Structures are given as structure tokens and as C-alpha cells.
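Here's a quick tour for anyone opening this structure for the first time. Have a look at the sequence and the model, then read on.

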Amino acid sequence: MLGRSRLRRTGRRLFVRLAPRLIGLTPSNLFERDCGEVALNLPVLAPAEGRIRVAKYDVAIIGSGPGGYVAAIRAGELGLKTVVVEKDPFLGGTCLHVGCIPTKVLLHHAEVYDQFKNGAELGFEVSGLKINWANVLARKDKIVKKHSKGIEFLFKKNKVEWVQGWGKYEGPGRVSVEKDGKKTAIEASNILVVSGSEAKSLPGIEPDHKTILTNRSILELPEIPKTLIIVGAGAVGVEFASIYNSFGAQVTILEMLPRVVPVEDEEVSAELDKTFRKKNIQIYTSSAVESVRKDAKGVAVSFKDKDGKTQTLQAEKLLLAVGRKPMTENCGLEKSKAKLERGFVHVGDYMETAEKGLYAIGDIVAGLPQLAHAAMMEGIVAVTHIAGKPAHQIVKTRIPNATYCEPQIGSIGLTEKQARDAGYSVKTGKFPFVGNSKATILGNHGGFIKVVSEEMYGEVLGIHIIGPLATEILAEAAAVLNLEGTIDDMMNMIHAHPTVWEGMGDAFASVRGLQINV
Ligand SMILES: Cc1cc2nc3c(=O)[nH]c(=O)nc-3n(C[C@H](O)[C@H](O)[C@H](O)COP(=O)(O)OP(=O)(O)OC[C@H]3O[C@@H](n4cnc5c(N)ncnc54)[C@H](O)[C@@H]3O)c2cc1C
């Protein structure tokens, strides 16, 4: 298997390097390389121009989150006449308004605050340090607004139109848009549904957005709560745990599964668990919430702990972070041949559903992770395919995961267990950041980089990072997996010194027992 994949890779590299020279092209007029194919980057898209236009638009996109807006911009770049339908009066979706961006603003502020708190160790005398929460929230809102306007600008630049209203698939080539009781129609040869997701709640527990919160309402709290219970230790749960722990709240996490960040490698979960407990975050795993009762002090949460005993905890606020459900209701998909399962839409290789010309992208897609960057690439794949250009297929194990709690987590590919369960003969290596000088300079040298590889040829199967800048140095891990690199390829790569990133070099070498810094 590996032999074939290496051969394919080498063939592809050679073809991409030599083909342009043979036919007299320079890299700047190459459009894209994919599995040995090279296409011309024509300024105007041939298929869209050549075909007789029967509909007003080539592409109509329902939803302007990262899946929708990126698809729209790329469609515009490819010369496809594109319209986006968005129910909200602004562009950007969950990610920009109540997800990735606002949470990362708060995480950044929490990190800066931690640095000040730790000032003495850095040689600074810091006194009178106070959080002006209103100003923190105002900066978050300013950043969100700036980037939402940025999408509007990019739409204009790429001649993408957008219209506000509820978009609904009305059959092949037709979308209706409803706003203030009025319905209008759009005709488009291809339709992308990118309607996103919303927070799930637990049976019998309804968020009131004052005491029982979701990822939306927790961003609007007028004050930092003194105590906070978070139900769910996935990415959203642990990020908010980090934020509010840094800002001084007593945080407790309740997780039904046996470990925190359950999709990560088991050693990463154990490391996060250990570090969070050191920061005085209480964690109850294998613990199922039974009831939530509001009272004068906030909420009382009863749960069955891992020994089967019922315990009750009290807190000012409760955050539900128990996953996200797809928003496919009332989008008209039931009128199509698209196959739905618990609201998620099944798609083929190029994100097309079972109904020709109808595509599904992002958080509503069955079997792919609910991540902004996954949604973005899915949108690109769909419109590239629509434009008649060579498009990649999404490979689930090549999608990076980034969790921005402190310590950060970055991972891609198979965990050690997944690799063993898949039948690989596995060899792992691990480099602790304690041996990395830049991590020490940053005062943040907990955690490690773990490499999961295939024993015989050294193919890299997965990389799991917990520690400083994990979400940034993940870039190299993503490149290795996408280029099907081996341990030996990576051991020959020179990493700049001193960087946190050079830990990757030690981690690859540790698979062969040849690490330097530990
Ligand atoms: C707290 C939190 C933090 C997160 N952090 C990260 C992160 O750091 N990195 C990451 O990769 N992912 C993160 N995510 C996940 C990320 O936000 C989603 O994966 C991403 O937003 C999905 O993009 P999407 O385009 O599919 O949908 P969305 O972003 O949900 O956008 C869907 C859009 O469609 C609109 N819409 C829905 N139905 C209709 C309709 N019928 N008509 C018109 N418009 C409609 C909605 O108003 C919305 O604007 C986070 C999520 C949360 C909740």
C-alpha cells in the first residue's frame, strides 16, 4: 500500500515540476495541481461562459458561515455568477459571530491576563491589575464586526451578491428567500446548502440564556461568574473552562465519557486532565447529568458520578457544551433526493448530495467534523467541481483539529489506538516540551508532541500535540500528512532554532530513538 502511495507521490511531484516546463508554463499561470493534473488558470471560467445560461445564477449558497462565504468567494474567483442567502443581517455565521473568533479573542485576553498575573516570574512588578470586562467584550465585538465587514468587502471584490432572508431549496435550480413575510425566488444551476449548526441541549434542560447558557449567551455575560459548571469536555467546553478559569471563576467540568477531549489521543486527554486539575479546574468524567434546577443562588446540578453515586453541585452559571445539531429543518431538503440521517446530509466525493446540482457543506454534512476549516475546504471542493476544474476529495484523516484551551491541543490523523485498531503495526515517538528552549523562554513547557507512525516504512499516520503554540506548529503536521511524508523525510528537514516548532524535529527523531534534546 505504501509502495504505491510513495510511487504516486513521486510521480505527482515529478509531473507537477516537469509538465509546466514541457508546455511552457510558469508557476503563476498554473491553476491547481491535483493527482498529476495541471490546468490553466484562465481569467474567465470556460464552462460558465460556454454554457447557455438557463438560470440567473450559476451558484446559489444558503448560509454565509465559513463554508458558505469561502465557497462564494472561490466561486466568484472562478467566474461563476454567485448569490448567497443569509438569514441574519450580517455575514460570517457561527464561526465569526459566536464560535471560533469571539472565543479566540477571549482566550487571547485570558492568556495576556495570565502573563500579567505571572509578572513576578518574568521580572515585572505588576500592581493594581484589574479586568475591565466591558472593554474585553467590546474588543471582541469590534474584531467580529471588522471581519464581518471584511467578508462584505470580499464579496464585492469577487462580484458575489448577497440577500438577507430565509433560504429554502424548492427543487432543482430553485431557491426561495423569505423575509418579513415576503417570498422571492432565485434560479441557480447549482445550489449549496450551508446552513450550519446550533447548540444541542440535554433532555429536560432548556437554556434560559441567563443562568443556563449556550455558546451564544455565555459570550454576553455582563460579569464574570464566580462559579461555573460546564457540561461537556469537548473543544467548546474546555475552551470556555480555560477562559473562565484564567479570569478567576471556579470552574467544574462534567463529562459523560471517561475522559476530557474524548476525540483526542488518550495521552493528550490525560495530559489536559492533569494540567486542568493543577489549575484548580474540577473535573468529573464518566458522569451523567440527571437534573438541573434553578434557584436563588444560580443552579443546582445533580449527576451520577463514575461510581454510580448521585452528587449535587451548585454554581452561579451553567454552560451546556454537549455538541451541535445540524440546522437542516425547514431548508427544503425533504423535497429532494438528498439522504438525511438525524438531520445530517450525506454527500458524495465532491459534496454533491443524491440530488444532482444540490450540494451540502459544513456542519450539516454527515461523517465529517464540525470545523470551520473543514467547511471552508468542502465549499472550495464543491465550487471547483461545479466549475469543471479538478477538485480534491476531502480525506477525514487529513483534517487538522485545533483546540485553543491552555495548554493548546493540535492534532491530525490517527490516534495511536485508531492506528492499532486499523491493523497498522504502530511505532510511536514522543518529545516533551520540557526539552525545548523556546518553550522554556515562553515559560510554558508542559506537554508533548506524539508521533504515530507505521513501523515498516515509517509513514506518518498521526501527530498529537499538547503544549505551547500547538495550534500553530500543527501546520507542519498537516503538511506531512497531506504529502504522505515519512519519519525519514521529516528527520531530514531543518527546523529553525530556537522555535517551539523545532520540537517537531525531535518528535520525529524520537520514533527512531534519535531525539537530541531529551
Ligand atoms: C464556541 C465555538 C467555538 C468554535 N471554535 C472553532 C474553532 O476554533 N475552529 C474551528 O474550526 N471551528 C470552530 N467551531 C466550529 C465552527 O464554528 C463551525 O464548524 C463552522 O461555523 C461551520 O460553518 P458552516 O458554514 O457550516 O455553518 P455556520 O457557521 O453555522 O453558518 C451557517 C450560516 O447559515 C445561516 N443560515 C442557516 N439556515 C439558513 C437559511 N435557511 N437561510 C439563510 N441562512 C441560513 C446562519 O445564519 C449562518 O450564518 C466553533 C464552534 C463553536 C460553537
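**The cores**

The largest nonpolar core has 53 residues, and I61, F155, V175, I186, L192 and M351 have the most contacts inside it. A nonpolar core here is a set of buried Ala, Val, Leu, Ile, Met, Phe, Trp, Tyr and Cys residues joined through side-chain atoms within 4.5 Å; buried means under 20% relative accessible area, exposed over 50%, and partly exposed in between (1.4 Å probe, protein chains only). At least two residues of this core come from each of β3 (57-62), α3 (66-77), β4 (82-86), α6, β7 (174-179), β8 (182-193), β21 and α9 (372-386). Apart from it lies another core, of 37 residues, with Y113, I218, I253 and I466 among them.

Before going further, keep in mind that this is a predicted model: local features need pLDDT of at least 70, side-chain atom pairs count only at pLDDT 80 or more, and totals for chains, interfaces and linings use all residues. Residues are numbered from 1 along each chain as its sequence is written, and side-chain values use heavy atoms, with hydrogens and water left out.

**The big picture**

- The protein has 14 helices and 26 strands; helices (H or I, at least four residues) and strands (E, at least two) are DSSP runs, numbered from the N terminus.
- Of the 518 residues in the protein, 50% are buried.
- Take the contacts (heavy atoms within 4.5 Å) between residues at least 6 apart in sequence: 63% of them join residues at least 24 apart.

**Two residues on the inside**

- Leaving aside neighbours within four places in sequence, L192 is in contact with V59, A60, I61, I62, A71, Y359, I361, A382, V383 and I386.
- S148 sits in helix α6 and is buried, with a relative accessible area of 6%.
- Not counting residues up to four places away in sequence, S148 touches F90, L91, L96 and H97.

- P102, T103, V105, L106, L107, H109, A110 and Y113 are the buried residues of α5, and their cover includes α4 (93-98), α6 (133-157) and α7 (235-246).
- V112, F116, L122, F124, V126 and L129 form a nonpolar patch on the surface, with about 490 Å² of accessible area together.
- F124, from that patch, is found in the loop between α5 and α6.

- Which residue other than glycine has phi near 70°? That is M351, which is found in the loop between β20 (344-345) and β21 (358-360) and is buried, with a relative accessible area of 2%.
- N280 is not a glycine either, yet has a positive phi of about 75°; N280 lies in the loop between α8 (266-278) and β13 (282-284).
- The peptide bond from E406 to P407 is cis, with omega near 5°, and P407 is in the loop between β22 (401-403) and β23 (408-413).
- Another cis peptide bond runs from H497 to P498, with omega near -5°; P498 is in the loop between α13 (487-491) and α14 (503-511).

Terms used: Patch = residues over 30% accessible without salt bridge, like charges linked within 9 Å, V, L, I, M, F, W, Y side chains within 5 Å. Areas by Shrake-Rupley, 256 points an atom, 1.4 Å probe, with all protein chains shown as cover. Salt bridge = Lys/Arg side-chain N within 4 Å of Asp/Glu carboxyl O.
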